[in-house]
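Take a walk through this model, starting with the whole chain and ending with single residues.

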Amino acid sequence: MPQPYFHYLVMREAALSEFPNIWRQNRVAATKMSQGPDSLYYYGTLPWRKEYEQAANVTHWDGSLDCFCHMLDHTKKSNPSIRKHDVSDGALRAYQALAEEAYFWYSHAIVDMIVHPTVYRISNDHWVKHPKKRVRAHKKLESIMDTFLLKEKMDVSPHQLKFGELICNSGLDPASFELLNVGMSMAYGVPDPKTGITRLESIAKDIANVNLNYFELFGKFHDSREHPFYKAYEMLAKYSFIPFHIPSKFDNFFGLRGVIPKDNLDKLEERIMTTHYWNDMFFHVLKSQELKNSFQRIPNSRDNRFFDNESQLLPRYTVLELFDLAVKATRMVIQAGEAFFASDYKSSREFFREKAKGVVYLDENYNMDTGLPSRFNADLLSLGDDLKKINRFKIDLIDENLLRVAGYRLNPRPLDMAA
Ligand SMILES: [Zn+2]
C-alpha cells in the first residue's frame with residue numbers, strides 16, 4: 001500500500017485529464033475510492049482485528065480485476081440507456097460519478113502494481129511474511145515518496161494538506177457503499193459451486209494459511225451501517241488525523257510507521273539503507289531538484305529497466321517516473337472503461353478481452369503486492385523466504401508491462417462524457 005497521498009495524486013492527475021468537468025463535484029467520493037482495499041487495513045488496525053487485515057491482504061493478492069469489472073457491470077446495469085438517450089443532467093452525473101469511483105478503485109490497484117515491485121525490492125520486504133523491520137523500511141520509503149510527490153505536484157507538505165480534510169472527515173456515502181459491496185461480494189464472497197468455498201476463504205488458506213469467512217466478516221452486515229466498509233472509512237477519516245498530533249519536527253508520514261524525523265536524516269539513512277540503490281533512491285527522493293539533472297543511468301544498459309545489481313534485480317525508475325506510469329495506466333483503463341460503456345457489451349470482462357487487448361492490467365487479475373499476475377502466486381510461495389529468487393521471478397514480465405504502459409498511445413483529447 002503506497003500511502004494515501006500517492007493514490008490521491010495519481011487519481012487527481014488522471015481525473016483532471018479525463019474528467020475535468022466532473023472532478024470538482026465528485027472528488028471527495030473519488031478520493032475515498034482511490035484508497036481501494038487499504039481501507040480495511042485501517043479498520044483492522046485500531047483496534048487490531050487480524051482477520052480484516054488478512055482480508056485486506058487477500059484483496060491485494062488476487063481478484064482485483066474481477067472486483068473492478070463487477071463494479072463496472074453494476075454501474076452499466078443500473079443505467080442501461082445512459083449512453084444512448086437523453087437523460088437529465090442529474091442522472092448523468094450520478095452515473096458518471098459511479099463510473100469514476102469504479103475507475104479510481106482500480107487505480108489503487110494500478111498504483112500498487114506499478115510502485116510495489118520497486119518498494120519491495122528496495123526495502124527487502126516479503127509480500128506475505130512482512131518481517132517487522134522490513135515493513136518499517138517499506139512504509140518509510142512510501143511515506144517519503146508521498147511527501148516528495150505532494151511537494152512536486154501541489155507544493156504542500158502532509159502537514160498542510162491533511163488527508164482527513166480531503167475526504168471531508170466523512171465516511172462512505174450509500175451509493176459508493178453499494179458499488180463497493182457489489183464488487184467485493186461478487187469477487188470474493190460467492191461460494192464456488194463445487195467446493196462451496198468463497199475466494200476470500202481459499203486465497204487466505206492457500207497463501208497465509210488462515211481461515212476467513214466472507215459471511216462472518218462482511219456478508220452478514222448486508223447494507224447495515226455496521227458494515228466494515230462503512231466502519232473502515234469512518235476509521236480512515238479519524239486515523240488520518242493522528243499523525244498531526246506529533247510535533248512538526250517529524251515529517252513525511254501518514255501512518256505512524258512512516259514517521260520520519262526531519263533533523264535526523266543521516267541516522268535514518270544509515271538505519272534503513274539496505275542497498276546502494278536505496279541510497280540513490282533516498283537521495284533522489286529528498287533532493288529531487290538537484291538530482292533530476294545529474295541522475296546517472298547505468299552505462300550500456302537501456303534506460304528505465306530493472307537491472308542486475310550484484311545480488312538482486314533492482315528497478316531504475318525514479319519516483320516521478322513511477323508516478324507518471326501510474327497516471328498513464330489509470331488513463332488507459334478509464335479510456336477502455338468508457339469504450340465499454342459506449343458499447344453494447346454487458347460484461348466488461350468480455351469487452352476488455354475482445355476489444356482492449358493492448359491495455360495492460362485489463363487482461364487478468366494481478367497481485368498488487370508483487371506486480372505479477374495472481375496466477376503466479378503459488379510459484380512465488382514455493383520460493384519461501386528466498387528474496388533473491390522472489391525478486392528475480394518473472395522480472396521480465398514486470399519490466400515488459402511497465403514498458404508497455406510507457407509505449408501506449410492514449411486518446412489525446414479528454415473524453416467529453418456529456419457529448
Ligand atoms: Zn493497496
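Predicted model: local features only at pLDDT ≥ 70, side-chain atom pairs only at ≥ 80, totals over all residues.

Residues are numbered from 1 along each chain as its sequence is written.

The protein has 20 helices and four strands. Both are DSSP runs numbered from the N terminus: helices are H or I with at least four residues, strands are E with at least two. Of the 419 residues, 45% count as buried. Buried means that 20 or more other C-beta atoms lie within 10 Å of the residue's own; exposed means 12 or fewer, partly exposed in between, with C-beta atoms placed from the backbone. Contacts are pairs whose C-beta atoms, placed from the backbone, lie within 7 Å. Among contacts with a separation of 6 or more, 71% join residues 24 or more positions apart.

Start with helix H1, residues 4–18. The expected span of a helix is 1.5 Å times one less than its number of residues. For the 15 residues of H1 that gives 21 Å, and the end C-alpha atoms are 21 Å apart, so the two agree. H1 is mostly covered, with twelve of its 15 residues buried. Among them are Tyr5, Phe6, Arg12 and Glu18.

Helix H4 covers residues 50–61. Its twelve residues should span 16 Å; the end C-alpha atoms are 17 Å apart, which agrees. H4 is mostly covered too: nine of its twelve residues are buried, including Gln54, Asn57, His60 and Trp61. Just after H4, Gly63 takes a positive phi of about 90°.

Now the core. A nonpolar core is a set of buried Ala, Val, Leu, Ile, Met, Phe, Trp, Tyr and Cys residues joined through C-beta atoms within 7 Å. The largest one holds 101 residues, and Ala102, Ile110, Ile114, Ala326, Ala329 and Val333 touch the most other members. Helix H6, residues 89–123, gives the most to this core, with 17 residues. Leaving out residues up to four places away in sequence, Ile110 touches Ala326, Ala329, Thr330, Val333 and Tyr361.

Finish at Thr75, in helix H5 (residues 64–78). Thr75 counts as buried because it has 25 C-beta neighbours inside 10 Å. Setting aside neighbours within four places in sequence, Thr75 is in contact with Tyr95, Leu98, Ala99, Ala102 and Leu179. Phe341 is 266 residues from Thr75 along the chain, yet their C-alpha atoms are separated by 9.1 Å.

How values were computed
Contact = placed C-beta atoms within 7 Å.
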